[in-house]
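Dear colleague,

I am handing over the structure we spoke of, and below it you will find an account of what turned up in it. Please read the account with the structure open beside you.

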Amino acid sequence: MAWPFLNGSAKKRDQLVSVDLGGRTTKAVHLQRKGDRYVLSGYALMDAPIYEKNVSADLLGEHLKGVCQALNGKSRNVSLAVGVNDSIVRHAELPQMPVGDMRQILKNNTKNYLQQDLPGHVFDCFIIPPRAETGNGKAKPAEKLKVAGSQKSRVLVAGARKQLIEDMQNAVKSTGLNPDQIIPGLLGPVNAFELAMPEVFSSSVIALVDIGFKNSSICILQQGDLVLSRVVAIGGDRLTAGLAESLGISYAEAEGIKVGMPTEVQTNLEALVLPLGRELRASIDFFEHQSDQAVSQVYISGGSARSEFIVQTLQAELVAQCQPWNPLSFLELALPPQQAAEIEHVAPQLAVAIGAATIAL
């Protein structure tokens, strides 16, 4: 899948640094491509700069410089993932034309095609190949299909504010590095999942849930096609802050309890997780009603996926099998000893950064 949105380079790289600019924690990885193998040679988790406010290009540049130094990477190419609040991902039907022309008509008429005025935005498009069934029920190769008489293309549209993209590009350039790719963070887990679990990705109807700091996202995949995506304004921060308030403890203590989960606080945490479950269930219900197909599995990533209780609570609310997944399962690990010892613990947080990296490799 690996959609190269927002000024992506057409040239494939043999290594790069990929950065997920999270709400509270920046996650970054240094990936290499060796033939058909992907190698993870380092990762970094650092506090995001002034995460409650807009970050200036200068401050972001200093932050990215620190991230790259922490990785000790030799690559000059940097891929950035834009947070779900700062980017959009939508399906649209557009006239058949080159992608460059699609971007221009979206810029001039977002209300008509995206049902929302988005002034000052830039867009990129991925034309979704048509699908057709053969006699044995399998899809024909998309590149061989010709849809007679069709005047429109199904398109996945990504967009972000032009000023934000320019600030990101300038921040990377100020460090002496090359801003190779900028993609919506929503798509990171989708790209990583395709490589981590290719058979499930291509053959099943599943939901990917990424629990972020301020928001959570759900992407429903139907035999490899992204058919529905939604952002829910409930994330790990609300769970932790709610737990701290209900127990009268510090935020840091609540964060540890949320993941470690002593049995005596299950009632408190369950009450906080259920609203997230109901929002996610609404998206699944909408898809199942529209498509008459059931979501068979829900795969969860993000820091909160480390909590067995949170996963079990979501499973009861979603009435679907839920499980965490490992976005690093397709990677070879060439990590320093300390990072190698900790990688299993931090892996669920790296899904967006890993997925952003695979686009350019």
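Arg281 and Asp285 are about one helical turn apart, because 4 residues separate them in helix H9. Please keep in mind throughout that this is a predicted model. Arg281 counts as buried at 12% relative accessibility, whereas Asp285 is partly exposed, with a relative accessible area of 39%.

Since Glu279 lies in helix H9 and Arg230 in strand S11, the pair ties together parts that are 49 residues apart in sequence. Glu279 counts as partly exposed at 31% relative accessibility, and Arg230 counts as partly exposed at 30%.

The whole structure holds 9 salt bridges, one of which joins Glu332 to Arg37, with the closest N and O atoms 2.8 Å apart. This pair links distant parts of the chain, as Glu332 belongs to strand S14 (residues 331–333) and Arg37 to strand S3 (residues 37–47), 295 residues apart. Glu332 is partly exposed, with a relative accessible area of 35%, and for Arg37, likewise partly exposed, the value is 35%.

Leaving aside residues up to four places away in sequence, Leu186 touches Val84, Val89, Ser217, Cys219, Ser229 and Val231. Leu186 and Ser87 are 99 residues apart in sequence, yet their C-alpha atoms are 8.5 Å apart in space.

Gln223, in the loop between strand S10 (216–222) and strand S11 (225–232), has a positive phi of about 50 degrees although it is not a glycine, and Gln223 is partly exposed, with a relative accessible area of 26%. Asp292, found in the loop between helix H9 (266–291) and strand S12 (297–301), is not a glycine either and has a positive phi of about 60 degrees; Asp292 is exposed, with a relative accessible area of 73%.

With kind regards

Terms used. Residues numbered from 1 in each chain as written. Predicted model: local features only at pLDDT ≥ 70, side-chain atom pairs only at ≥ 80, totals over all residues. Heavy atoms only, no water. Contact = heavy atoms within 4.5 Å. Helix = DSSP H or I, 4+ residues; strand = E, 2+ residues; numbered from the N terminus. Buried < 20%, exposed > 50% of the residue type's maximum accessible area, 1.4 Å probe, protein only. Salt bridge = Lys/Arg side-chain N within 4 Å of Asp/Glu carboxyl O.
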